[in-house]
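Hi,

Here is the structure I promised to pass on. My notes on it follow below.

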Amino acid sequence: MATAEAAVSGPPRASISERIVGFITRTPVHLALLLIGVVWLVPTVGLAVTSFRPRSDIQASSWWSSLLDFHFTVNNYQQVLDRAGMSDAFFNSLIITIPSTLLPLTLAALAAYAFSWISFPFRDTIFLIIVALMIVPIQMALVPLLRLFRDWGIADWYGGIWLAHTAFGLPLGIFLLRNFFITLPRDLIEAARVDGASNLRIFLKVVLPLSVPALASYGIFQFLWVWNDLLMALIFVQNSDLWPMTIKVNQMQSQFGGEWHLLSSGAFLLMIVPLAVFFALQRYFVQGLLAGSVK
Amino acid sequence: MSSTAVPGPVGRPRGRRLPSIFRRSGWQGLAFILPAVAFLAVLVVYPLIYTIVLSFGDTNAKLNIVRWVGFDNYKTLLTEDKEFLDLDVFPPTGALINNLKWVVLYTSVSLALGLLIAVLAVRVRYESFIKAIVFIPMAISATAVAIIWRFVYEPDPDLGALNAFITTFGADPISWIGRADTVNYALIFAYVWASTGFAMVVLSAALKGISEEVIEAARTDGASEWDIFRRIQLPLLSLPIAVVTVWLLINVIKLFDIIYVLTGGGPGNASEVIAFTMYDQTFQNGEAGYGAAVAVVMLLLIIPIMVFNIRRFRSERVTA
């Protein structure tokens, strides 16, 4: 569509000399952006290339000199998945992350509906307190939560980390979803009320279907937050059989040290899911991130 | 929520005016928020208060308080703990000072680079490509960022790209994260690399909101590109810049993962920061009371930012 508009109302074509002048005045811009592109790409590309090279090659020559004569292998990934236990860690990460996303999403949506469309005593005060809780650092809760989870017998299982992520994800979720819910048309909600629909029915049949973008943004944000978390997993997942990938990669680092064929492939396995989410759902991801910039 | 089956018109005819707490909708509202509030009360507010209490005591291995010590934990932390704050040497050292370096350098460089890229990228056709490249590190974990940069910083110039680069100019390879004088800057740059995408996206969106006509009018009046940036774009960006700064500051005070993975606070204690001290004292040294005092210091540093945020939130509501 943009090209069609440009064809109709676009500026007249620049002459060749004008284009040359334009190109020369823009050269510093292109050079600066080229430098930025290199600095942002080379670190990741270097590790990616290394993860597909045989161990002996990595020790013999640099990754950039290998590009001309590349010996491709997926052996490193096989080793990391099988012997280093990364496949178990991958499933642990999933088992930790999915409930830690769905639970706060559900509870936050329910609460956000009440904060937007039901009037009850102290509503705005309670909402403000919840917004303020958004900034409490997890460090203020680590020890008391660990004691609680030990008392409840869930410190050696996934239960503790599910609860902790849910609680610390809720304030942001309530804040984001409430800000979206109040933008829904008032007439629609009032009409449903007049028709005798209960609040639960309005929530399920009117508000949720209209709020998919906001729910997706917050869901993706929370999913990546939990998937990428290291600190909470270190404290609340005490059983090493249940460790997620972040801890596993870090443990590989101290265990294998400079064995870059294992470290590079391990780090890439850790990155696969976030990168897939990023490329598939970029719009929602950026929206969630912008909206969640208070966290 | 059993009330869903109640038939008849709801909400409209209300006959007597009771205080709102007795009205049906009041109870329903509380029912909707109850699960979330229960989670927050038990798993955030109670621990928050407990940690404050804990900071005035000493604990045993089971994390139980065995003795009250008043403000001793705070006194030790701020005056005797040389790993946390050492003012006797010049320049001062310690985790708090390292964190201060982070506040100044990480915040300003991420902001400046994000702004620079946002301003430059709109002028070229491959804008979305360059923005995606800079933004991607935002999606991945600090653990992965740490591994990526550990590889860049490898001392062996056949492994580490940075040392390969400087050795082509005849310099000797440097162990960037193995030396006390370079480790903090190496860490800060790695994390700037990871965070610049955020600043760029926010500022780029704000830049595009500025009317093209205003800028064109200034251009026809003979304003230089620098004038346009300095006198039109920058003043209109002050709010988004504040948003980004708040985000970066909170990030920097909570900073933990990248240091834990990349250096473990070393060499020695050279790269420790506040959140790392908290973890180290509580879970490595078993000093939960002392660690709680460190956590309270973190909270006290964050509270001014929280106040700023709520004010901003309130003023947004007024205008909405």
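**Helix packing and domains**

In chain B, Lys131(B), Val134(B) and Phe135(B) of helix 4 meet Thr196(B), Gly197(B), Met200(B), Val201(B) and Ser204(B) of helix 7 (contact means C-beta atoms, placed from the backbone, within 7 Å; helices are DSSP runs of H or I with at least four residues, numbered from the N terminus). By class, that contact has four nonpolar, three polar and one charged residues (nonpolar is Ala, Val, Leu, Ile, Met, Phe, Trp, Tyr, Cys and Pro; charged is Asp, Glu, Lys and Arg; the others, Gly among them, are polar).

A caveat before going on: this is a predicted model, with local features needing pLDDT of at least 70 and side-chain atom pairs pLDDT 80 or more, while totals for chains, interfaces and linings use all residues. Residues are numbered from 1 along each chain as its sequence is written, and chains are lettered from A and ligands numbered from 1 in the order in which they are written.

Back to chain B: the axes of helix 4 (127-135) and helix 7 (183-208) come within 8 Å and cross at roughly 140° (lines fitted to C-alpha atoms over the stretch in contact, angles from 0 to 180 degrees between N-to-C directions).

Chain A splits into domain 1 (16-73) and domain 2 (85-291), with bounds from an automatic or database assignment. Their centres, over C-alpha atoms, are 36 Å apart. Seven residues from domain 1 and six from domain 2 make the contact. On the domain 1 side, helix 2 of chain A gives the largest share, four residues.

Cheers

Notes:
Helices (H or I, at least four residues) and strands (E, at least two) are DSSP runs, numbered from the N terminus. Two residues are in contact if their C-beta atoms, placed from the backbone, lie within 7 Å.
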